Amino acid sequence: MSLFRLDTSILGTRSSTIALADLVEREWRATAPDPSVVRRHLGEDPLPATAWAAAVAAQFVPPARRAPEEREALSLAAALVDELVAAEALLLAAPLYNFGVSQHLKAWVDLLLTDPRMAAGTESPLAGRPAVLVTARGGAYGPGTPREGWDHAIGWMRRIFGDVWKLELTVVERELTLVGIDPALDRFKELAERVRVTTEEQARAAGRRLAAREGAFLS
């Protein structure tokens, strides 16, 4: 079984999404026969900032007249789509940054959508494929909190990964990851610990389900 894993955090070993994704992957590996993982870490190796614009511009130019940077951008987009299409399951790790998705994740999605296989109006080549999305937020954004509605990332990611790409999506969300770092959140220490324990168990369960759903998808 093959897994594509995407990480987008800029925090390295301090990243909550990477830690959760590690739990998902560990459980998936324990269940999946002959596991194979392809990784892309946009937080460590971001895509060229100009690639999306070049790939879009290339679509308005006859192939023979495309500039080198336009051809390179289209080639990169095709390679990124190839990574996804070749995988039998997906693991996507994306934190909330400044109330939205990271620039690295947005650049990746935008570039993927320039490939004809992922273009609007086409049948997604990823339709029905099992996927887990893990996300984390430093504060709390749930119903009744002062910042309810400020998370502009999770809705967008659900639209892209679930509604546009048609993935069979499981979402694991952790909040209050800045407790212990931001003194203003110290009063939420016990709640943050309960959230951590709960979401880590959700991540492990998602990894087991991912392998099971992958097997069902392949059959």
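Trainee: At what angle do helix α3 and α4 pack?
Mentor: This is a predicted model, where local features need pLDDT of at least 70, side-chain atom pairs count only at pLDDT 80 or more, and totals for chains, interfaces and linings use all residues. Residues are numbered from 1 along each chain as its sequence is written, and side-chain values use heavy atoms, leaving out hydrogens and water. The axes of α3 (residues 68-86) and α4 lie 9 Å apart; a helix is a DSSP run of H or I, at least four residues, and its axis is a line fitted to C-alpha atoms over the stretch in contact. Between N-to-C directions, on a scale from 0 to 180 degrees, the angle is about 100°.

Trainee: Is α3 roughly parallel or roughly perpendicular to α4?
Mentor: The two helices pack at about 100°. Angles of 65 to 115 degrees have one label, so α3 to α4 is roughly perpendicular.

Trainee: Which residues in α4 does α3 meet?
Mentor: The contact (heavy atoms within 4.5 Å) has nine nonpolar, no polar and no charged residues. From α3 come A73, L76, A77, L80, V81 and L84. In α4 they meet W108, L111 and L112.

Trainee: Which element gives the largest share of the lining of the second largest pocket?
Mentor: L42, P46, L47, P48, A49, W52, A53, Q103, H104 and A107 line this pocket, and by class they are eight nonpolar, two polar and no charged. Two or more of the lining residues come from each of α2 (51-58) and α4 (103-112). The largest share, three residues, comes from α4.

Trainee: What volume does the largest pocket have?
Mentor: Its lining divides into 15 nonpolar, nine polar and six charged residues. The volume of the largest pocket is about 810 Å³.

Notes: On a 1 Å grid over the protein atoms alone, a cavity is a set of points where a 1.4 Å probe fits but cannot get out, and a pocket is an open set with protein on both sides within 12 Å along at least five of seven lines; lining residues have an atom within 4 Å of a point. Grid points are joined across faces, edges and corners, and a volume is the space filled by probe spheres set on the points. Ala, Val, Leu, Ile, Met, Phe, Trp, Tyr, Cys and Pro count as nonpolar, Asp, Glu, Lys and Arg as charged, and the others, Gly among them, as polar. Angles under 35 degrees count as roughly parallel, over 145 as roughly antiparallel, 65 to 115 as roughly perpendicular and the rest as oblique.
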